[in-house]
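Me: I am new to this structure and would like to know where its descriptions come from. Could you go through them with me?

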Amino acid sequence: MKIGKQTLKLESTPKILETSAAVGPKESDGPLGIYFDIKCSDVFYGEKTFEKAESKYMKAAIDNLLYKLNLQNDNIDYIFAGDLLNQCIASGYCIRDLNIPFFGLYGACSTFVESIILSSLFINAGYGTKVIASASSHFCSAERQFRMPLEHGNQKPPTAQSTVTGCGAALLVPHTFEKKVPVVTYVTPGKIVDMGIKDMNNMGAAMAPAAFDTIITHLKDTERKPEYYDAIITGDLGVEGTDILIDLCKDYGVDISKVHRDCGKEIYDLTKRDMNAGGSGCACMASVFSGYFYQELKEKRLNRVLIVATGALMSPISIGQGESIPSIAHAAAIENEV
Amino acid sequence: MIIEYLKVFITGGIICSIGQILIDKTKLTPARILVIFVTLGVIFTAIGVYKPLVDYGKAGATVPISGFGYALANGVIEEVKDKGFIGIFTGGVKATSAGIAAAIAFGYLAALFAKPKIK
């Protein structure tokens, strides 16, 4: 049911039965390293290209998700997944082998929450009983997609965020499932917000207004206060984007500074060299939520969270043509039932 | 000889530091900085500023990418003296042909034996 301006209330509160996260070497070494299911120290994952490696990270996360629940591919009704590459090839080539009906999504770094929203809506409507939501990214394939191939040996500007290598996957099921697990209560799909920022190396600043718009709209629509949530978790705003978001909210009269957390800031040790701006990419929210925050919810250290993934919907071509960066943020409220 | 090495080191170091400062302090992309360096190399050679730098810093001035601009401009100047107008088009590539061909050949060889790594 639609409530307020753009939020949907999920009456049948779909459950997130299980999650799974696979990550690369830098993420494994980070402060959240212990929380990820699969840690691969090889960025190639034994494959010949980075694109194939990214597909394999996704395959590993999904296979592990099914393994944890003792399920087979044909038990799954649908899968919603996406990545950052042209034509979403990381997801496409991964899911080619799975024999599961597939919806390919592109929401840039907001893809994981977009997948969660659509999967939970499918479950809520009764269109399926087991739906997977997933998203992946890979530092090396993203560099080729958005900047220069690594083979080029280009210098990386120090302000740029580092794309997370890995994948996160979650299985959504109807509320009738016995197990006590976190449920999705409200979802707020975002609008595109463009404040005219053109700097590709400063995506946090471009995306913060979109996050602000979606968070404020969500709080208004649901008539909740920021304190209702134990954490409002953004995907990859990074250090600068986080400051902008908190300032925007403060100017609006809403203080989220006490509950706000950012996956991009938490996944790497920001004191290390070349890591100062934090992580980004679809896998930033996907792996940190699937690996870390889901466990925090399950173990009741957090009980009510709002996940807000932001995405920058530009391409190197649009930037080359002088266009600014359109941004989007999708939000989903995930809560433990009392 | 040590003094000569020092001169080369300082000249090359200063040129590369300028590049690093541009990467750190401006919004220029690395590709743009590269093009700016080549173009400046050409312009400085044309107005006679780069030659003294090469005389002083030797490889310190010719090895960085601005040195490629220096080679391009010198090639054009020489070829125009020799062959006239057509030299504007042929001189630059002729003078830098060894470098370009070597880059392709060694690039290919490196691709055969090496794999890119994460930064």
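Me: How many helices and strands are there in chain A?

Reply: Chain A has 10 helices and 15 strands; helices (H or I, at least four residues) and strands (E, at least two) are DSSP runs, numbered from the N terminus. Please keep in mind that this is a predicted model, where local features need pLDDT of at least 70, side-chain atom pairs count only at pLDDT 80 or more, and totals for chains, interfaces and linings use all residues. Residues are numbered from 1 along each chain as its sequence is written, while chains are lettered from A and ligands numbered from 1 in the order in which they are written.

Me: What makes chain A as compact as a globular protein of that length?

Reply: The globule rule, 2.2 Å times the number of residues to the power 0.38, is set against the radius of gyration, taken over C-alpha atoms. For 338 residues the rule gives 20 Å, and chain A has 18 Å, which is close, so chain A is as compact as a globular protein of that length.

Me: Why is Phe122(A) called buried?

Reply: A residue is buried if 20 or more other C-beta atoms, placed from the backbone, lie within 10 Å of its own, exposed if 12 or fewer, and partly exposed in between. Phe122(A) has 20 other C-beta atoms within 10 Å, so it counts as buried. This residue is found in helix α4 of chain A. Buried residues make up 54% of the 338 residues in chain A.

Me: Why are α4(A) and α9(A) called oblique to each other?

Reply: Angles run from 0 to 180 degrees between N-to-C directions, and axes are lines fitted to C-alpha atoms, for helices over the stretch in contact. Under 35 degrees counts as roughly parallel, over 145 as roughly antiparallel, 65 to 115 as roughly perpendicular and the rest as oblique. The axes of α4 (residues 111-124) and α9 (residues 282-298) of chain A cross at roughly 60 degrees and come within 7 Å, so the two helices are oblique.

Me: Which residues of α4(A) and α9(A) meet?

Reply: Two residues are in contact if their C-beta atoms, placed from the backbone, lie within 7 Å. Thr111(A), Phe112(A) and Val113(A) in α4(A) meet Cys282(A), Met285(A), Ala286(A) and Phe289(A) in α9(A). They divide into 6 nonpolar, 1 polar and no charged, where Ala, Val, Leu, Ile, Met, Phe, Trp, Tyr, Cys and Pro count as nonpolar, Asp, Glu, Lys and Arg as charged, and the others, Gly among them, as polar.
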